[in-house]
Each structure stands twice: as structure tokens, then as C-alpha cells.
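Here are my notes for you on this structure. Keep the sequence and the 3D view open while you read, and take the points one at a time.

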Amino acid sequence: MINPLRGMKDLTFEDSQRFVYITTIATDIAKRYGYKYIETPLLEETALFRRSVGESSDIVGKEMYQFTDKGGNDVCLRPEGTAGVVRSFISSKLDRQQGQKYKFYYYGSMFRYERPQKGRLRSFHQFGCESFGEGSVCEDFIIIEMIGDIFKELGVGYKLQINSLGCTDCMPKYRDSLVSFLNSCKDELCEDCNRRIESNPIRVLDCKNQSCQSLLTESPKLLNNLCENCDNDFNKLKELLDMSKIDYEVNTNLVRGLDYYNKTAFEFISNEIGSQSAIAGGGRYDKLVEYLDGKSTPAVGFAIGIERIMELVNIPDIQRDGYYLGSMDSESVDMLFGIASSKRKSHKVTIEYSPKKLKAHLKGADKVNARYCVVIGEDEVRDGVVWVKDLETKEENRIAKDEF
Ligand code: HAM
């Protein structure tokens, strides 16, 4: 027997119903916020992720499903959705429509070669949104509000954490002061942090190691080093969240694991799912379009980890629905197809091709959760009627075939 690969799971039975339920609600809400569907390939040039997610990130450094294809191209399975959407935005020359705003939503599989554990898979699904062309921090707020709406409708509780990562004006100066601080306590920091002092010092801030964290309490804080513009935007974001009564916590160590962010960064956390507690994350990435050779375009987005919220979502009881059609003798089976075609215009229809006794058909209708069990036999064919049982009210009727 061939099993799925380690860290990969089939979506079947209840999980697939939860998946459809989650994506349907998220899609519905994203559309209400003006987002349109986008689908990009699962496979992209490796360079796309190197240049966007970043060489020094764990995702690019350790976790890519990367290979050379038959044409000799260096490709990889997408570890996240944003880079592909930005590439598509630039490939379709939407970056040249200055002043235009574009909003895209997507969902699908992402691949990261991580060490599998509860809530951490190698093949997982995200629902994401990317908004292009809006530089106002109001868009950051609206996006956070939208995620809150999605979680509310799904019945998922969360804690929201926000931070600002500054911009090209304030971040480099902060980076320098952070590097000198980190060098001053280099010997006490873990191996990973030491490696990052040069490659990506900001990532040191979210080291999970307790002894590093206690040293970092003394580190210079990004929020105290923002330029006026970033500071005003961050204050405005907090003001808008306060006004809308959306609870949040400022986490100065929230830096995200992808390199393309600037200004607003946020994460939604659940206390109910164990150590892999981030259920959504995102932020602003105003430089990425330009960095991937497009025309400078501000952008902001997020992604929800679908598997992480699956067990938190209560799907409503599935209602009995549609028609089950069966016949009692082999001669009348073919008559079911015409009935099915006309009923299927507006209802779910299941046909049983094998002739069976009434009791077996009633069981079959129950198995597919049909509302109505419709059966024909010799008598019904002769009289031009169908026998119908409403499995909810238990009412039984013989109805003229044409009328039915
Ligand atoms: P991310 O934080 O890497 O951001 O992933 C978003 C969410 O995907 C996480 O919060 C988590 O719920 C889920 N996730 C990540 N890795 C795994 C895994 N191995 N197994 C299961 N779930 C996982 C991004 O991917 C950005 N592209 C988000 C974004 C969009 N930023 C701007 N636009």
C-alpha cells in the first residue's frame, strides 16, 4: 500500500467538508470586501522565492521543495502564495496602471519541508488576500477587520498581535543599532541568533530560546525608532482598531518569517491548538513589486492557515437535501434518468442503478442524506406516477410523473 508522504494529508470526509465550509465563508467575505479570485501555478522559478521571501529566511534556506525540471530550470513548489500573486500582477502589467487598485483572493496548497508536528504540515492550505495600489494604513486596518469577520463567522476565537517593521528610512538605522546591541551580547546568544546577526538581525527578535529572549528585553525597540511617517501610521492603525473595538496586543518582537514586509505586520494567534498557534499572518509589503522588477506599488495582504483552524470550526448540522431515485425492477431503471435530469436543474440528485426492494432504497436515501426517497416499480410505471417519501416529515405520496 502506498501511503501519503510524511507531513502530507488527504482531505477527506469531515475534513473536506470543513475545508469547503471555511473557503466558502472566507470567499464570501473577501468578495464583500471587493476581492476577486486569482489562481497562480503551484510551481514557480526558485528565484521568485529567493528574491521575495528572502535568502536568509528558514523557508528559502531550509524548507523549499526545489528541483531541476526536465528543461533544466531551477523550480520549486510554492511555499506561500504572495510571491506568485505579485509575479502574476507584474507579468500581467497591472503595475503599469498607476492609480488603479487591485484586490485578489486565493486558496490552495503550499509546500514547506518542515519537521512535521501537530499543526505543522509539509503540504498545507492557505486562504489569502493581496491588495495592490493602496498605500493608506486604513487598508491595513480594513484587512485586519476582514480577517476578524472571517474568524467571527467561523466561530474561531483569536488574539491579534501587531507591530511595525518600519520603512527604508527608519529600518536601516534601527538595524545598525540592533546589530551593535547583539554583538555586545553575542557570546550569550544561541547559535541560530549568532548566524542571524549578519544575515537577518531582525529575526533574532523572535528567537524561541528563553535565554535569548531574556537578553533581548534590553534590546533597542523598533517601535521607539520609527520615522515620523511610520509612527503616525502605526498610531492611526491602533486608533482605528480601538474605534472598532478590535482587541490587539502590540508585540515589538513580531517580525514574521518572510523578508518582504515593511510597516504593519500582524499575526492572529489561537490558544486552543497547541504550540503552532499562528492561525493567520500578514502585513504590508510596499517594496516587493518593485523588487521583483515591477513599478513601485504599495501592497498589503494576509494568509490564513486552513488546517490550523479546521478543528476550531463548528460546521452547522448537515440538513437533509435533494432526491434519491431508485427502482424496484430492472425494466424501469432507465426511466429514472429523465426524472433525474429535470430535478437536477435545481436539486441534488442521487440515482441508484440496481433494482432493489423499497426498504433497501430507503436505507440508501438515508445514507446519502437525501430529503426525498423516490421509488418507481411496475405499478408506478403503469399508472404514470412516482412514489415519494419525505424523509424529514415521513409523509408518503404517489405523485403524477409529469407533475413531479
Ligand atoms: P505565513 O505566516 O508564513 O505567511 O503563513 C500564514 C499561515 O499559514 C500561518 O499563520 C499558519 O496558520 C499557516 N502555516 C504556515 N506554515 C504552515 C505549516 N507548515 N503547516 C500548516 N500551516 C501552516 C505567509 O505565508 C504570507 N504569504 C502571508 C501574507 C500574505 N502576507 C502578505 N500577504
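How far does a polar side-chain atom of E130 lie from a nitrogen atom of the ligand? The distance is 2.8 Å.

1. Before you go on, a word on the model. This is a predicted model, in which local features need pLDDT of at least 70, side-chain atom pairs count only at pLDDT 80 or more, and totals for chains, interfaces and linings use all residues. Residues are numbered from 1 along each chain as its sequence is written, and side-chain values use heavy atoms, with hydrogens and water left out.

2. An N or O atom in the side chain of T82 is 2.8 Å from a nitrogen atom of the ligand. A278 uses its backbone instead: a polar atom there is 2.8 Å from an oxygen atom of the ligand. On its own the ligand has 660 Å² of accessible area (Shrake-Rupley method, 1.4 Å probe), and the protein covers 96% of it.

3. Next, the shell around the ligand. The ligand is surrounded by 25 residues (one heavy atom within 4 Å is enough to count), and the closest are E80, E114, E130, Y261 and A278. Strands (DSSP runs of E, at least two residues, numbered from the N terminus) take part too: β6 (123-132), β10 (278-284) and β11 (299-305) each supply at least two residues. With 5 residues, β10 gives the most.

4. Please find strand β7 (residues 159-164). β7 runs antiparallel to strand β9 (residues 262-269), and 6 bridges join them; here S164 stands opposite T264. With strand β8 (residues 249-250), β7 pairs in the parallel sense over 2 bridges (DSSP must find at least two for a pair). There, Q161 has E249 as its bridge partner.

5. Finally, trace the open sheet of 5 strands, in the order β13-β12-β14-β15-β16, with mixed pairing. β13 (349-351) and β16 (396-400) are the edge strands, each pairing on one side only. Inside this order, β12 (residues 323-327) and β14 (residues 372-376) run parallel and are joined by 5 bridges, with Y324 opposite C373.

Definitions and conventions. Helix = DSSP H or I, 4+ residues; strand = E, 2+ residues; numbered from the N terminus. Polar contact = N/O pair within 3.5 Å; in protein donor to acceptor, adjacent residues only side chain to side chain.
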